[in-house]
Amino acid sequence: GVAMYRRREKQKVIRLERLLNEQGILAISDVVNKLKLSKEKVAKIVSKGGHIIQDYLVSSRKAEEILNRVTDMILKSDLPIYGLDDLKVQNVPSIVLSALLIRNKHILESKGVYVTDDLCFYSSQMISKYASELLEDAKLGLIHVPSWLRERNIRESHYNWLMEQFKRQGIRIVDEYAVIDEGLNKVAEQIKAKVQELGKIEFEKLAVPSFVKDAVDYYKLGVLLSKDGVLYSKEYIANELNKLSMAYPTARIDDLAKLYGFDVDFFTKVVSDLISEDAINAEIKDDIIAFKREVPVSAQQVSVAAGATTTAMIPGYKIKDVIGTGGFATVFRAEDDKGQEVALKVVNIATEDLKKTFMREIAFWRPLNHPNIVVLKDFGLEPVPYLVMELMDGTLKGKMAEGLSTVSYTHLTLPTN
């Protein structure tokens, strides 16, 4: 009886192996019912020459055939394949197909097929093609990779995965931007052009990613980046120093460095370069800038007629009408060379002492930044001392009549010297 039992069991094993070899995929429930084998017995038999996937038996040959079919299909596709339904592998239960693909990711990758966590498929040629296109576009400037992928109808859930693939292809990605030297240089030139146009601008107002702040050699461009994040053109600093020279024979470098937000050593280098470039007429002595241009002596007092509303007294500004006048100065409504209305304050009497007082007032005013303080836009000493402010509509009396709730207060501590 024992020998007969063993013979019957052996026959069942042979029959199971033949069925699995012929069909490739068998439902375990069918095998158990037809051959009267326990699941444990079936598992033991199949583990030697196949796979058990959930409720199915899969022969090794069938598994290899499925992987080859999937590989061939993906390699021939010009677009990503999203999901098992798009694979269209017939006569293979989806649970079997997904398990085989997940278990054999490493085999597929060795054949040039990449499987995402949500079972979508990219060929290595496809990823290389995307990488090449991205590199070409990045030569023109910084490319925001997620936006770039969105334009190509790539699933959002794949953005991070694809960026990792691009990094493996040698593309540098910083804060989701594809960065190559050629593109970064173009952005740097755009920043330079903007700073030269405006004279100065806060970095955060530039339409560039924040990492660019530390990625560009600004000084090489002729642009100066302060510790406060303000970009200045060298021409702007030279103009500021030349204005200063009209009122003062000397200036301390550390004071000026603090005013503009630079390290003293760096600002000393800036001033030295401006001197060597003949942008300013000065020399440095013991951390002091000594201006060589003599302060002009006004032998006569220059008066400004309050009614001179049509005379362009200050270069770059067109006077439209008088806002108000007093013993010290007259304030005009004016228009700058960009067509923006401003308040132009011009002193009525320009003596040498007044010029120095005027410059001290500006020195106090310039560092202040508060919603309740009028913005100082520009200033100069020639042909007469003047300063340009933002134009505020209405009057203080009118604002107070609207209600003090709209006004905020901040204690300001001004220098005493």
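Which elements cover the buried residues of H14? The cover includes S12, H13, strand S13 (250-252), helix H15 (264-276), strand S14 (282-285) and strand S15 (288-291). The model is predicted, and local features need pLDDT of at least 70, side-chain atom pairs count only at pLDDT 80 or more, and totals for chains, interfaces and linings use all residues. Residues are numbered from 1 along each chain as its sequence is written, and side-chain values use heavy atoms, with hydrogens and water left out.

The chain contains 17 helices and 20 strands, taken as DSSP runs numbered from the N terminus (helices H or I, at least four residues; strands E, at least two). Of its 417 residues, 42% are buried, that is, under 20% relative accessible area with a 1.4 Å probe and protein chains only. Among contacts (heavy atoms within 4.5 Å) with a separation of 6 or more, 58% join residues 24 or more positions apart.

In H14, the buried residues are Ile253, Leu256, Ala257 and Tyr260. They fall within an arc of 100 degrees when seen down the helix axis, so they line one face of H14; the arc is that of the directions from the axis to the C-beta atoms. An α-helix has 3.6 residues a turn, so residues three or four places apart point the same way. After H14 comes Gly261, with a positive phi near 85 degrees.

Helix H14 (253-260) also contributes two or more residues to the lining of the largest pocket, as do helix H13 (234-245) and strand S19 (376-380), among others. A pocket is an open set of points on a 1 Å grid over the protein atoms alone, where a 1.4 Å probe fits, with protein on both sides within 12 Å along at least five of seven lines; lining residues have an atom within 4 Å of a point. The space in the largest pocket is about 1,900 Å³, and 49 residues line it, with Lys200, Tyr236, Leu376, Lys377 and Asp378 nearest its centre. H13 supplies the largest share of the lining, 6 residues.

Elsewhere, Tyr159 belongs to helix H10 (residues 159-168) and is buried, at 7% relative accessibility. Beyond its neighbours within four places in sequence, Tyr159 contacts Pro146, Leu149, Arg150 and Ile154. Tyr159 and Glu176 lie 17 residues apart in sequence and 9.5 Å apart in space, C-alpha to C-alpha.

Methods:
Grid points are joined across faces, edges and corners, and a volume is the space filled by probe spheres set on the points. Buried means under 20% relative accessible area, exposed over 50%, partly exposed in between (1.4 Å probe, protein chains only).
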